[in-house]
Amino acid sequence: MSKLRKEKGSKPVLAICYDFDKTLSPDDMQAQGYIQSVGFDVEKFWEESNRMAKENDMDSNLAYMLKMVAEAEGNFILNKRALAEYGSKVELFPGVSDWFKRTGDFGKKHGVIVEHYIISSGLKEMIEGTEIAKQGAFEQIYASSFYYNERGVAVWPAQVINYTNKTQYLFRIEKGVLGVNDLGVNEYFPPERMRVPFRNMVYIGDSDTDIPCMKLVNSYGGHSIGVYNPFTNNKEKVYKMTLDNRIRYFAPADYSEGSKLDKLIKTIILKTAAFEVLEELHTENLHEAKENKPK
């Protein structure tokens, strides 16, 4: 079996899925070194990229990737190493560096396997360059990425993830069919074979681009959390997402031990542990009843 396929085991799995920019990091990853290195003002770069998308009926993520390739020309070689180097300099919110181990250890203590997934419109190569990714924090990183020519230079998008197609990765996680090209995600799985039922998913994001995933997770009994910058304390977006029934909870993007978000995730882990015991009892009772059904 491919390492990108996972079967349901004896212990429940809680999948925590994250957007990246402004969820784990205070700003867009491209704005933390790359844009400046090609001589652009950050605001002007996004303004031109968005105008290109609008004028050409173009996906905004395809537009920014094309602009990255175009602006790198004559400045430096845009390859995996360069993007990983930019990624290594991306700032993270407080507590992120040891968050993944801490939540994993807490889950293990209570009989729950905690896995972490990135689902981002940002660049996979940059996320892979962060210290947390190099330490193996993520089960999978689903993000936009480049195709590289025979000289290793980025020339074309390989994967593009936008706000609507983000949801397919939740279904991959649900079924344990993790490969981006694995058509097994379309196969029928009975409920008892779902590796990570939606009730055992957490989606953490910061803005409108996360709404489809938040809505999907909410609809099936999972946990959607909106985060806001703890330094600016601007809660406008999370208030709106709460009132629009997109998220169930919100908290500052402070991942430190004892923070509001830390306590919330630990509560969800404890709920998962208790609920799955009850769900197992229900399944056992249902099977026994079916086997002894009067003829």
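These questions and answers walk through a predicted model, from its aromatic pairs to its helices and loops.

Q: How many aromatic pairs does a search of the whole structure find?
A: The search covers the whole structure. Rings of Phe, Tyr and Trp pair if their centres lie within 6.5 Å. The count of aromatic pairs is 16.

Q: Which residues form one aromatic cluster with Phe45 and Trp46?
A: Phe45 and Trp46 belong to one aromatic cluster. The cluster also takes in Tyr34, Phe40, Tyr64, Phe76 and Tyr86.

Q: Which residue lies over the face of Phe189, and at what distance from the ring centre?
A: A charge sits over a ring if CZ of Arg is within 6 Å of the ring centre and within 35 degrees of the ring normal. Over the face of Phe189 lies Arg193, at 4.2 Å from the ring centre.

Q: Is Glu276 buried or exposed?
A: Glu276 sits in helix H11, residues 260-291. Its relative accessibility is 13%. The cut-off for burial is under 20%. Glu276 therefore counts as buried.

Q: Which side chain makes a polar contact with Glu276, and at what distance?
A: Leaving aside residues up to four places away in sequence, Glu276 touches Pro12, Arg199 and Asn200. A polar contact joins the side chain of Glu276 to one of these, at 2.8 Å: Arg199.

Q: Which residues in H9 meet H8?
A: On the H8 side, the residues are Thr167, Leu170 and Phe171. On the H9 side, they are Pro212, Cys213, Leu216 and Val217.

Q: What do the buried residues of H9 pack against?
A: In H9, Ile211, Cys213, Met214, Leu216, Val217 and Asn218 are buried. The buried residues of H9 pack against H8, E5, strand E6 (223-228) and helix H10 (236-243).

Q: Which residue just after H9 takes a positive phi?
A: The place is just after H9. The phi is about 85 degrees, and the residue is Gly221.

Q: Is Arg102 buried or exposed?
A: Arg102 lies in helix H5, residues 96-109. Not counting residues up to four places away in sequence, Arg102 touches Gly95, Tyr255, Ser256, Glu257 and Asp262. With a relative accessible area of 15%, Arg102 is buried.

Q: How many Å apart in space are Val96 and Ser25, C-alpha to C-alpha?
A: Val96 is in helix H5. At 1% relative accessibility, Val96 counts as buried. Val96 touches Leu24, Ile132 and Tyr255, not counting residues up to four places away in sequence. Val96 and Ser25 are 71 residues apart in sequence, and their C-alpha separation is 8.9 Å.

Q: How many Å apart in space are Glu192 and Glu73, C-alpha to C-alpha?
A: Glu192 is found in the loop between H8 and strand E5 (201-205). Glu192 is partly exposed, with a relative accessible area of 47%. Glu192 and Glu73 are 119 residues apart in sequence, and their C-alpha separation is 52 Å.

Q: Is Tyr188 buried or exposed?
A: Tyr188 is in the loop between H8 and E5. Its C-alpha is 9.4 Å from that of Lys175, 13 residues apart along the chain. With a relative accessible area of 68%, Tyr188 is exposed.

Q: What is phi of Asn233?
A: Asn233 is found in the loop between E6 and H10. At 45% relative accessibility, Asn233 counts as partly exposed. Phi of Asn233 is positive, in a residue other than glycine, and is near 60 degrees.

Q: What positive phi has Asn245?
A: Asn245 is found in the loop between H10 and strand E7 (249-252). Asn245 is exposed, with a relative accessible area of 58%. Asn245 is not a glycine, yet its phi is positive, at about 60 degrees.

Technical notes: Residues numbered from 1 in each chain as written. Predicted model: local features only at pLDDT ≥ 70, side-chain atom pairs only at ≥ 80, totals over all residues. Heavy atoms only, no water. Phe/Tyr/Trp six-rings, centres within 6.5 Å; stacked < 30°, edge-to-face > 60°. Helix = DSSP H or I, 4+ residues; strand = E, 2+ residues; numbered from the N terminus. Buried < 20%, exposed > 50% of the residue type's maximum accessible area, 1.4 Å probe, protein only. Polar contact = N/O pair within 3.5 Å; in protein donor to acceptor, adjacent residues only side chain to side chain. Contact = heavy atoms within 4.5 Å.
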